[in-house]
Amino acid sequence: MAGAETMTGRRASGGRAALLVGLLLAAGIAFTFAGLATRLPSALWWEALTAPRAEAAELVFRFGLLPRLAVSLLAGAALGLSGALFAHVLRNPLAEPSTLGTSAGAGLALAFATLYAPFLLEAGAFWVTLAGALAATGLALAIAWRQSLSPLALILAGLVVGMVCGSMGGVLVLFEHHHLSALFLWQAGSLAQNGWQGAAALAGTLAVAGLACLLLLRPLAVLELDDAGARGLGAPVAAIRLGALGVAAALAAAVVANVGVVAFIGLAGPALARLAGARTPGTRLAGGAAAGALLLWLADQLAQLAERLSGVGPPTGLLTALLGAPLLLVLLPRLRDALPAPAPAETDRKGASVPRMAVFAAVMLAVPTMSLLLGRGGDGWWLALPGDPVLDWRWPRIVSAFGAGAMLGLAGTMIQRVSANPMASPEILGISSGAAAGATLLVILAPVAGRSGLLGAAFAGAVATTGLVMALGRRFDYAPQRLLLTGVALTTIIGAALGLVMLSGHPRLDLLLRMMAGSTYLASPGEAGASLVLAVTGVGALVLSARALGLFGLGAPVASSLGLPVRAGRLWIVALVSALTAAATLVTGPLSFVGLVAPHAARLQGFRRPLAQGVAAMAIGGTLMVLADWIGRTLAFPWQMPAGLIVSLAGGPYFLWLMLRRRA
Amino acid sequence: MAPAFRPNRRTALALAGTALLAPRGARAAAPALAPVAVMELDIAEAMLALGVAPLAMAEASRFRARFPGSRLPAACAELGASWEPNLERLQELAPARVLASRDREMLVPLLERVAPVTLIEPDDTRGRAARGADLMRRLGDALGRAGEAQAALAAAERQLALLRGALAGRDLPPVFLVALVEGGTHLEIYGAGCLLDDALRRLGLANACALPMPSYGWVIAGIEHLADRPEAAVLVLDFGAPTRRALAQLHRSPLWRNLPPVAAGRLRLVEAASVWGGVPTLVDIAGRIAGVMAPSLAPALYSPTGTRS
């Protein structure tokens, strides 16, 4: 891009950027002075700093507001520098602590340590968050490694690592109500301070990291060449990369340890610096840090303003997530990716053989039977006989779990076929999150709405999200990886918005948690029947669209040349997928990953034609959910764990493993 | 930091009086099991105060942890989460009746398949304490123990009056009632709408918190809000280890150490009570608050550095 620009064009864009920076600075200064003055008259500022009295306002000014100001600048600079380092080393302008999963990993590690190993925190939260940050970043890098760290593959891997960390964090919240406030505050990134300790710690980390960057500056400039060129100059490319990545991860970890997860500053800061004309590694790093500081400072002042106006403000990290995730969507189409789209299907497997089919069928029959008959009671495990009244409780749950899993399996097969992308699924594309968001909105606006109301709201949410993903996808002609990225970015935005609802302490929080976790508990016989009817209808729709799905698998251009009305076909299938996902999400929750896992397992079993794969994916998805429901009913008896939660704890890591294993 | 209790004579007498009147702890035998399954913690608490124990209840383990004074018999069976009580287990136990609140409306058709469900629907328009009293009355009617309910409520009133009398005329400061949030920057502050605030009112104490409250009566807010009323006392609900950790973090904070109520040593720990309890919790927490507020007339017992000032 840079090379194509003329000198005048560059100067003009630099001028606009300078104007933007000037405006941001002016706004920041105005907000800050106004904010500080409402807490303490400016005539007293000097006194509060030099000879503080035990006046409340002066104390808050000196130990609360000023350190918070410093922390917003320091944490912003740390995130900006971290983002600039990641972007430079990985040659990927979207790489930064939140898109690589770094911050989410650090946050999860901190939550785990707080709940289960608080003694680890005595040596300082930094070491815990550093371990989490390194592990998550390492995982994202390892996944993208197979695809030569292709920019899109890397961001996709990072966002999914972040998503899985987030859903695990959600599980912790579900089981540890006691610590809810502390966990939410951490996950949401509150910048409130109670002294200068946090600022001092961040300043120390930033100073060490800055020094390391100075030392790395020349080697980093060498990385601007391609790897072979850099090696030709005698540079230890791998060592430089690892060193710089370590520094970047440590910066992000320090921020999480001191203020919590603050999203997207590492993306926006370096982007602003590039816009302002930073071209050399040195100016990019320094500019990224400065811009990051500016942006977080401004975001925090906004959060404080909201707090002054409404009494209780949104945590700053949640605000940056809401403001920053759309930026990701804007920057996405600009990302160049030389790599071809991934091959749509694996071809090295044998077709379905008779013994394999027999085993498959046996499992499909055995799991529901076991789930129906084997259970726990007050005296331990026992086997129910046909006719036992306990079966009246179990069968609606089993049937409704099966129906939901089958619908997701079918929706997953369809979306994978239509996008010619084996990694697509209702969960990854944000369709499930959209359904959950729709239902959540209804619970807030009309708490008494029944199940059919919820279903309608979930469908509306699913359709809206799918429509948005597709509309955004048109700009890059539905390129598979970009589509996934768009969906994951939407999921992130919806997740942040739902986090805000959770933080508001809504009285129907239990209902919301149930929806996020996914439970079959309320399944009535009628509802179970309806879900089965829906699934069967889905099979009918699958039969009707099997030919189209097969053609989509060849890619849109080929499909079109073979006479498929691509646009109409796409709309039809998208509507089907939305309906199936909405109905299933009410039972499974938004992050089950069944829609991803089931079509894969079906293909691994040798079912490769659209119709066969769809039906097999339904059987597998349904069986998976039935198994999860059984585990949930028996594992912690008499306590019950939501089936969707259990399936997502297995499904998320399976997805990562799948990505790790896959070749470009 | 061991608080040197120096109650004066009148306080000592009053507190001795409350100990004698205490409805729990003083009772000898554990209540007998009734063939009733209970879905809510507050219903179980009130039921135990009426001298009956449920056969089974949702979240029995949590109840035992949060309401240690209620002495739930070990024979009472666990039913799991109150939003998803285990129906198979419930059927196995075969209660004659299920007691639940309006919050379980969605579950009623399921529960009805095991036993008739009685929804106890106390009037919650006049605050948590009044709701608790109404709950006790309605539960008494439902269980055929209206007399016991009247007696328990009258005893509670007497005790609250006694505690209020013991504190009267002492010119006690307004009180912040808070729980610490780990991290050292935020607090849960309790205010109007919450049972703990009702306990303060019944004692004749003023709640120092002026923040706008949601209907359930508590907010998460920055620690600096404790400086809004420099003359106030701070009562910290003690949840054990998490509270100790949070206090250790706060000791490192200059803002915390310099907050007027903390700096002046007007901070006390109070054994935690559930905000979702009813009349027995109200009386319990009122007694504990009175217990820590009365000796607060003595010189500062608490100083942030851990040494007596």
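Mentor: Buried area is the accessible area, taken with a 1.4 Å probe, that two parts lose on being put together, summed over both. Please keep in mind that this is a predicted model.

Trainee: How much area is buried between chain B and chain A?

Mentor: Of the area buried between the two chains, carbon and sulfur atoms give 62%. On the side of chain B, W83(B), E84(B) and E88(B) supply 17% of what that chain buries against chain A, more than any other three residues. The area buried between chain B and chain A is about 4100 Å².

Trainee: How many residues does the contact take from chain B and from chain A?

Mentor: Contact here means heavy atoms within 4.5 Å. The contact takes 47 residues from chain B and 44 residues from chain A.

Trainee: How many residue pairs are in polar contact between chain B and chain A, and which element gives the largest share of the side of chain B?

Mentor: Between the two chains the count is 12 residue pairs in polar contact. Elements that give two or more residues to the side of chain B that touches chain A include α3 (60-66), α4 (87-93) and α9 (241-251) of chain B. The largest share, five residues, comes from α4(B).

Trainee: How many nonpolar, polar and charged residues has the side of chain B that touches chain A?

Mentor: This question sorts the residues on that side of chain B by class. The side of chain B that touches chain A has 22 nonpolar, 11 polar and 14 charged residues.

Trainee: Is the aromatic pair of F112(A) and Y116(A) stacked, edge-to-face or tilted?

Mentor: Both residues lie in helix α4 (residues 102-116) of chain A, four residues apart, about one turn of the helix. F112(A) has a relative accessible area of 38% and Y116(A) one of 45%, and each is partly exposed. Their ring centres are 5.8 Å apart and their planes stand at 50°, so the pair is tilted.

Trainee: What is the form of the aromatic pair of Y216(B) and W218(B)?

Mentor: Y216(B) is buried at a relative accessible area of 19%, whereas W218(B) counts as partly exposed at 22%. The distance is 5.4 Å centre to centre, with 65° between the planes. Planes over 60 degrees apart count as edge-to-face, and the pair of Y216(B) and W218(B) is edge-to-face.

Trainee: Is S103(A) buried or exposed?

Mentor: S103(A) has its place in helix α4 of chain A. Not counting residues up to four places away in sequence, S103(A) touches P97(A), S98(A), A252(A), V256(A) and V261(A). Because its relative accessible area is 2%, S103(A) is buried.

Trainee: How far apart in space are V117(B) and V38(B)?

Mentor: V117(B) is found in strand β5 (residues 117-119) of chain B and counts as buried at 15% relative accessibility. Not counting residues up to four places away in sequence, V117(B) touches V98(B), V108(B), L111(B) and E112(B). V117(B) and V38(B) are 79 residues apart in sequence, and their C-alpha to C-alpha distance in space is 9.8 Å.

How values were computed:
Residues are numbered from 1 along each chain as its sequence is written. Chains are lettered from A and ligands numbered from 1 in the order in which they are written. This is a predicted model: local features need pLDDT of at least 70, side-chain atom pairs count only at pLDDT 80 or more; totals for chains, interfaces and linings use all residues. Side-chain values use heavy atoms; hydrogens and water are left out. A polar contact is a pair of N or O atoms within 3.5 Å; within protein, one must be able to donate a hydrogen and the other to accept it, and residues adjacent in sequence count only if both atoms are side-chain atoms. Ala, Val, Leu, Ile, Met, Phe, Trp, Tyr, Cys and Pro count as nonpolar, Asp, Glu, Lys and Arg as charged, and the others, Gly among them, as polar. Rings of Phe, Tyr and Trp (its six-membered ring) pair if their centres lie within 6.5 Å; planes under 30 degrees apart count as stacked, over 60 as edge-to-face and the rest as tilted. Buried means under 20% relative accessible area, exposed over 50%, partly exposed in between (1.4 Å probe, protein chains only).
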